[in-house]
Amino acid sequence: MAFLSSMNIPLSGMTAERLRLDIIAQNVANADNVATTAEDAYKRQMVVFGEDRTFKSVLRTKLGTGEAHFHKYIQYRGVECREIVEDETPAEPVYDPTHPLADEYGYIYESNVDVATEQLDAIEAANMYDANLAVFEVVKSMAQKALNIGKG
């Protein structure tokens with residue numbers, strides 16, 4: 001049923017935001033990590049979302065342009081995680097010659113994770129999750145009401 005496949009959009013959005021929250025939690029957990037070199041320091045991870053455009057969905061869309069009635073059979077796939085990328089902001093050097101990981105010049109390198117930024121991203125991800133949940137509830141309610149149309 002094409003109508004029910006529209007539930008894939010908010011459900012996949014909820015799954016994507018859950019992954020985003022997991023990555024944010026990983027970033028916060030590694031925010032205080034230090035390393036001997038800037039290259040070894042933990043780098044903030046970010047999730048890149050995109051539309052789920054599998055071969056079948058692209059084919060259905062292309063075929064759907066030729067027939068007016070075919071669009072009702074297109075399945076909506078929703079959101080997918082395209083990739084997880086590293087933030088290229090350089091690691092912050094901190095002078096601490098007493099630290100066991102200090103290099104020959106007395107520097108250690110902190111991760112480029114800003115906990116305040118991660119908290120804002122977590123709030124945004126939670127709000128997007130809630131928005132997708134609200135859309136799912138509306139679609140589910142519409143489907144239930146459609147099933148009860150014929151009942152007397």
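How close do the axes of helix 2 and helix 4 come, and at what angle do they cross? They come within 9 Å and cross at roughly 165°. Axes here are lines fitted to C-alpha atoms, for helices over the stretch in contact, with angles from 0 to 180 degrees between N-to-C directions.

Ground rules. This is a predicted model: local features need pLDDT of at least 70, side-chain atom pairs need 80 or more, and totals for chains, interfaces and linings use all residues. Numbering starts from 1 along each chain as its sequence is written, and side-chain values use heavy atoms, without hydrogens and water.

Now the contact, meaning heavy atoms within 4.5 Å. Helix 2 brings residues including Met14, Leu21 and Ile24; helix 4 brings, among them, Ala125, Met128 and Phe136. The contact residues divide into 14 nonpolar, three polar and five charged. Nonpolar covers Ala, Val, Leu, Ile, Met, Phe, Trp, Tyr, Cys and Pro; charged covers Asp, Glu, Lys and Arg; the others, Gly among them, are polar.

Next, aromatics. The whole structure holds one pair (ring centres within 6.5 Å). Tyrosine 95 and tyrosine 107 sit edge-to-face, 5.4 Å centre to centre, with 70° between the planes; edge-to-face means over 60 degrees. Tyrosine 95 is in strand 4 and tyrosine 107 in strand 5, so the pair ties together parts 12 residues apart in sequence. Tyrosine 95 is exposed at 54% relative accessibility (over 50%, 1.4 Å probe, protein chains only). Tyrosine 107 is partly exposed at 33% (between 20% and 50%).

Notes: Helices (H or I, at least four residues) and strands (E, at least two) are DSSP runs, numbered from the N terminus. Rings of Phe, Tyr and Trp (its six-membered ring) pair if their centres lie within 6.5 Å; planes under 30 degrees apart count as stacked, over 60 as edge-to-face and the rest as tilted.
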